[in-house]
Amino acid sequence: MNVKTRLFLKQYGWLAIVTGLLLSSLFIMHQILQNAPEFVEYYIGLLAFSMIGTLILLTLLIRTLLKLYRQYKQNVSGIRTTVKITSTLTLLLAFPIMTLFYFSVSLVHQSIDQWFDVRTEQALSDASALVRANLDNLTRDSLNATLRAEESLRPFLAQRPAYSVSQLRNKLGAQEVALYQSNGQLIAYSNSFGDQSLPNQPGDNLFQQLRQRHSYAAVETLSPTNQQIVRILIPVFNPFSNQVLPLQVIFNIPENITRYAQSVRLAQSQYHELNYLRAPLKTSFTLILSMVLLLTLVSALLFMVQAAQNLTRPIRYLAQGTQRVAQGDYSTKMQVDRDDEFGTLIQSFNDMIGQVAKARNDIKINHQQTEVQRLYFQAVIRNLTNGVVTLDMNRRLRTINDKASQILGINLQPLVGERFCDIMDQADTPHLKPFFDAMMPRFENSNLMQMDARPWSEQVTIQHHNQQRIILLHGSTLPSIDQKIGGFVIVLDDITELVQAQLHAAWSDVARRLAHEIKNPLTPIQLSAERLEFKLTNKLQPDDAAFLERMTRTIVDQVDTMQTLVQAFIDYAHTPEMQLQLLDLNELILDIVSLYQTPHDDGIIELKFDPECPAILADASRLRQLFHNLIKNALEATEESDVAKVQIITDCAAQPDKITIQVIDNGPGIPEQAVNWIFEPYATDKPKGTGLGLAIVKKIVEELNGQIELQASNNEGTCFVITLSKLNADGH
Amino acid sequence: MKCLGGLVSILFMLAAQPAWSQITLLELVDKQFESTLYMDAKAHIQLSEKVVEAIQHEIPIQFITQIELTRRDQIFIFPYNSQQTRIDYTTELSYSHYDRRYKLHNLRNQNILYFSQLEPALATLGEIQNFPITSLNQLHSGLRYKLKLRFRLNYWSLPAPMFTQALLDADWRFKSEWFELDVQTGRRR
């Protein structure tokens with residue numbers, strides 16, 4: 001027996017067996033009611049068995065329906081289909097069964113009623129009367145014949161009783177003739193069989209009746225043969241003993257009359273019995289039919305529920321599998337244990353899920369690879385020394401790297417997703433106006449075609465925190481067939497340092513040429529002028545001599561000035577190798593400042609040193625030049641001030657790995673427009689000076705890998721902030 | 001006066017067919033002779049209309065006569081009755097329209113009696129004469145015995161269609177109470 005057969009028997013077998021047993025029981029009950037009264041003692045047992053069995057099935061049905069209801073409430077997969085199928089089949093089945101039940105009950109009742117009608121009852125009654133009348137006539141005739149025969153043989157009965165009874169029997173054609181004493185003792189008898197068997201003894205009550213000289217004539221049935229006879233008992237007077245002797249004559253009733261009589265009696269008896277049992281019969285048949293109806297409905301419902309569950313099981317499995325897949329479990333594989341369409345469907349589902357899982361895995365791998373690529377490119381873009389900004393086709397900011405934010409001086413990451421033109425209106429982006437002014441025309445629709453055609457570049461200068469930044473923009477479209485991922489890319493290059501370096505290189509070259517071309521002739525000029533004065537002073541008139549001396553002094557002074565200027569150019573152009581050493585910055589500054597102070601007067605220079613400042617690694621002579629230039633610059637700037645004041649502040653705590661030195665004066669300050677070129681050569685607005693002081697300062701700071709920043713505004717003095725690196729733990 | 005009241009009640013019962021079957025015990029005596037305990041009893045049986053109607057429709061009705069002799073015993077202080085003798089016999093009462101007579105058939109000894117009226121048949125059914133119960137040798141003097149008699153209708157013998165009705169109708173599960181008589185052993189009559 002294979003698994004399917006076992007499962008089928010488990011699901012339907014017990015129900016089929018129980019239903020079959022109960023139907024058999026009801027069938028037997030039906031047969032007992034109609035045809036087998038000898039098994040009547042089993043009727044109640046079968047009735048109890050049927051009722052208990054039906055109740056058990058009904059209990060099972062209620063339990064099954066409750067289970068279905070709970071599953072319906074829990075929204076178990078496939079339960080709605082099961083309920084629908086069961087309900088539909090129940091309706092389809094219940095209606096014809098109920099109709100059949102109704103007509104069956106009506107038919108049974110009508111059939112039972114039709115058994116009994118007045119004509120049948122009257123016919124049976126008439127037949128019975130007819131038979132009885134016939135038998136009464138026979139009895140009466142037998143009695144009369146017996147009386148006549150007894151009268152003819154009366155004298156001989158007392159004298160020769162044996163002979164007489166024999167004669168009497170022959171004469172009457174009777175079966176048996178017997179003569180008794182009055183007390184019932186047998187005197188003589190004769191029977192038609194000629195044997196010695198004793199006659200059929202009448203009862204005591206008959207002897208008593210005869211003693212009172214009353215004759216008896218009746219039809220009797222002999223047991224156990226059920227043979228019907230006519231028993232005649234008449235009193236015979238014995239004149240010798242003066243006694244009454246009972247004479248019994250038994251006549252056989254013709255067999256056909258007996259058979260008809262039995263038939264009529266039986267028919268009448270059964271008719272009366274059935275007539276009485278008509279109502280109980282109807283009740284019993286109705287009960288049996290009701291139980292058949294109930295059993296059929298209950299069994300059918302149980303069968304249908306089981307069948308519907310079996311039918312929807314693959315649907316339920318498929319729904320559960322689909323739910324698992326929807327929850328992300330693509331390893332779902334359902335067992336294919338059927339060879340019908342559902343089996344094909346489940347197999348197709350398994351194949352489909354396998355393909356989906358494979359495709360999903362491929363997508364996952366591709367996604368991972370894409371993600372890796374994306375992260376890689378993000379890392380690349382993030383670590384680019386160029387700023388990168390991308391916009392979508394709607395000019396919304398899509399990506400921006402850190403360098404772009406750094407170059408533009410604003411963190412644009414929070415603004416990702418906003419339209420580019422809206423960013424321009426942000427309150428904290430006024431310094432980006434040149435940037436936006438350069439960009440916006442590029443996004444105008446009329447220029448888009450050109451943008452699509454070729455990349456573009458443009459240089460803009462922005463001013464942020466008193467610093468000028470020169471930015472080179474490279475723009476291009478991102479070609480894509482999908483508008484969602486297309487857009488624009490803008491690469492930002494901060495070329496400020498490059499420009500400044502180029503400028504510095506140019507000025508250095510100029511300085512070197514000037515130093516080379518001018519310095520060499522200066523000494524011969526000076527010496528020649530002094531020689532002219534020496535040779536001609538004594539030979540000229542005093543006026544001419546005074547004139548010569550004045551001219552010669554002018555030449556010498558101007559040569560000195562030019563030598564100073566040339567020396568400044570040499571200093572600017574010359575980049576000697578750094579002689580790095582550990583220096584106490586505070587001490588160095590104090591030493592330099594002391595040159596600008598008298599012993600008893602601290603002057604206008606105020607020092608605010610951070611005592612915690614560590615030693616720095618730097619070239620002392622270059623630093624001296626740096627601070628000399630700044631202090632000299634500050635002192636010259638405060639010459640016009642009523643209360644001149646110069647502050648030098650060192651601070652090691654503001655930044656963890658930096659030392660900041662501020663040189664502040666309360667001079668007239670630097671005009672805003674001068675901020676951009678203040679560190680460039682010949683950027684001075686002073687009548688005297690080389691115009692290279694701050695340029696040399698900036699150059700030295702950059703040689704020390706430091707930064708210098710000008711913090712100034714109109715009429716509020718000037719503040720130079722120098723930032724130098726501290727030594728790390730390794731002394732670097 | 002008490003006898004007169006009983007007679008009146010019997011006459012009243014005879015006058016009309018009662019709605020429910022009733023059995024009234026008229027006499028219950030024991031007799032002991034020739035080492036045997038006998039019983040005489042006479043009961044007046046009245047059947048309900050339903051039962052009579054069924055009989056007259058030739059439905060044979062069986063009555064079971066139950067006779068029981070119990071002994072009063074005691075274990076420690078706990079009294080109980082133990083059954084000494086139990087005799088059940090069935091008598092079938094039927095009617096034949098053809099013969100126009102009632103038939104009383106004792107299924108125990110196969111005796112058959114015919115009656116043209118129902119009342120004598122029921123009187124015969126309720127009358128027990130010289131019925132041997134047990135040998136006196138089986139009884140112990142000094143012990144207390146009790147003779148019990150009960151009649152009941154055997155609804156298990158009814159035709160199958162009537163079972164449903166019999167299960168629901170007390171008339172068809174009719175049985176009398178136990179009529180009891182204390183028996184004194186060692187007495188001769």
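Hi everyone, let's start with a pair of residues: the side chains of A:Arg154 and A:Glu150 come together in a salt bridge, at 2.8 Å from N to O. Before I go on, please keep in mind that this is a predicted model. Both residues belong to helix α4 of chain A, which covers residues 118-159. They sit 4 residues apart, about one turn of the helix.

Is A:Glu150 buried or exposed? With a relative accessibility of 2%, A:Glu150 counts as buried, because the cut-off for buried is under 20%. A:Arg154 counts as partly exposed, at 37% relative accessibility.

Why would such residues meet at all? Side chains of opposite charge can pair when their charged atoms come close. Over all chains, the structure holds 21 salt bridges.

Here is another one from chain A. A:Lys645 and A:Glu606 form a salt bridge through their side chains, with 3.2 Å from N to O. A:Lys645 is in the loop between α17 (620-637) and β14 (646-651), while A:Glu606 is in strand β12 (residues 605-608), so this pair ties together parts of chain A that are 39 residues apart in sequence. A:Lys645 is partly exposed, with a relative accessible area of 39%, and A:Glu606 counts as partly exposed too, at 26%.

Now over to chain B. Which residue does B:Lys146 form a salt bridge with? The partner is B:Glu180, and the closest N and O atoms are 3.5 Å apart. B:Lys146 lies in strand β8 (residues 144-153) of chain B and B:Glu180 in strand β9 (residues 179-183) of chain B, so the pair ties together parts that are 34 residues apart in sequence. B:Lys146 counts as partly exposed at 28% relative accessibility, and B:Glu180 does at 45%. Chain B also has a network: salt bridges with shared partners join B:Glu68, B:Arg86, B:Asp88 and B:Lys148.

Let's finish with a sheet in chain A. Five strands make an open, antiparallel sheet, in the order β7-β6-β10-β9-β8. At its edges are β7 (397-400) and β8 (456-464), each pairing on one side only. On average, neighbouring strands of the sheet are turned by 25° against each other, direction ignored.

Look inside the sheet for a moment. Strand β9 (residues 467-478) and strand β10 (residues 487-494) of chain A pair in the antiparallel sense over 8 bridges. There you can find A:Thr477 opposite A:Phe488 of β10(A). Helix α12 (residues 433-443) of chain A packs on the sheet, where the helix touches β6 (387-392), β8, β9 and β10. The direction of α12 makes about 155° with that of β8(A).

How values were computed. Residues numbered from 1 in each chain as written. Chains lettered and ligands numbered in written order. Predicted model: local features only at pLDDT ≥ 70, side-chain atom pairs only at ≥ 80, totals over all residues. Heavy atoms only, no water. Salt bridge = Lys/Arg side-chain N within 4 Å of Asp/Glu carboxyl O. Helix = DSSP H or I, 4+ residues; strand = E, 2+ residues; numbered from the N terminus. Buried < 20%, exposed > 50% of the residue type's maximum accessible area, 1.4 Å probe, protein only. Pairing = 2+ DSSP bridges. Axes fitted to C-alpha atoms, helices over the stretch in contact; angles between N-to-C directions. Contact = heavy atoms within 4.5 Å.
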